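This report describes selected features of one protein structure. Please examine the sequence and the model shown here before reading on.

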Amino acid sequence: MSGPAALVVPAVKKHTATVIFAHGLGDTGAGWIPLAQNWRRRGKFEEVAFIFPNAPTIPITVNFQMKMPGWYDITTFNDLQNAHDEVGILRSRDYFNTLVAEEVAKGIPSTRIVVGGFSQGGAMSLFTGLTSPVKLGGFFGLSAYLLMHHKIKDFVPASLPNKDTPVFMGHGDADPTVRYAWGQQTAAVLKELGYGVDFRTYRGLQHSADPEEIDDLERYLLARLPPLGEAGVSKA
């Protein structure tokens with residue numbers, strides 16, 4: 001990937017888990033750092049390092065080829081689920097897998113790593129979680145949708161390492177960009193494939209996140225990455 005280096009908010013205690021959070025189209029990793037900073041101020045996730053990757057700057061078809069940070073090209077906003085830039089999606093998926101592998105190389109078990117994001121970053125995170133070659137602690141998408149759903153099965157490893165990995169999705173029912181129905185359809189497809197999805201609806205929320213959604217995400221992360229204390233990193 002040719003984007004700027006990922007931003008990292010390190011753990012304040014012994015590093016036992018990692019959350020990788022991917023931003024949406026036109027944004028940067030810095031746009032979501034306040035999420036980790038808020039948790040830090042409240043004494044949450046002190047054993048967790050937060051990684052906020054930065055997408056490369058690429059031409060975006062729907063924006064008249066204007067260059068902006070993007071994990072893949074979008075050719076239409078009318079049907080994001082069918083606007084597939086397969087080369088870009090797979091390139092970003094490989095980058096996310098590299099970030100996971102780098103954390104594992106530091107001694108963090110893959111089951112203590114959660115991948116997630118917002119909008120385009122959420123779509124990439126769902127795709128990465130579904131197609132990951134290793135078992136993750138969790139993966140989530142906020143205002144997200146399923147990429148390449150017409151052939152997602154072709155990219156899922158035969159071993160199904162994340163078949164039992166809990167998935168969190170949050171979506172506003174007034175979202176004019178990533179339609180609420182697309183989020184619902186994504187959750188339905190994942191459930192049909194056998195994945196456990198916790199899909200939450202936020203009334204009146206447009207294409208953004210709100211405190212209730214972040215509280216739900218916090219609970220999900222606490223369940224997936226509980227503090228280990230003096231025991232340190234689990235070898236399980």
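Strands S4 and S5 form a hairpin with 5 residues between them, and Phe64 in the turn has a positive phi of about 55°. The two strands run antiparallel and are joined by 4 bridges; strands pair if DSSP finds at least two bridges between them. Within this pairing, Thr57 stands opposite Pro69 in S5. The model is predicted: local features need pLDDT of at least 70, side-chain atom pairs count only at pLDDT 80 or more, and totals for chains, interfaces and linings use all residues. Residues are numbered from 1 along each chain as its sequence is written, and side-chain values use heavy atoms, leaving out hydrogens and water.

The elements discussed are DSSP runs numbered from the N terminus, namely helices (H or I, at least four residues) and strands (E, at least two).

| Element | Residues |
|---|---|
| Helix H2 | residues 86-105 |
| Helix H3 | residues 120-131 |
| Strand S4 | residues 57-60 |
| Strand S5 | residues 66-69 |

H2 and H3 pack at an angle of about 70°, with their axes (lines fitted to C-alpha atoms, for helices over the stretch in contact; angles run from 0 to 180 degrees between N-to-C directions) 10 Å apart. The contact (heavy atoms within 4.5 Å) is made by residues including Phe96 of H2 and Met124 of H3.

Phe96 lies in helix H2. At 0% relative accessibility, Phe96 counts as buried (under 20% relative accessible area; exposed is over 50%, partly exposed in between, with a 1.4 Å probe and protein chains only). Phe96 and Ala22 are 74 residues apart in sequence, yet 9.1 Å apart in space, C-alpha to C-alpha.
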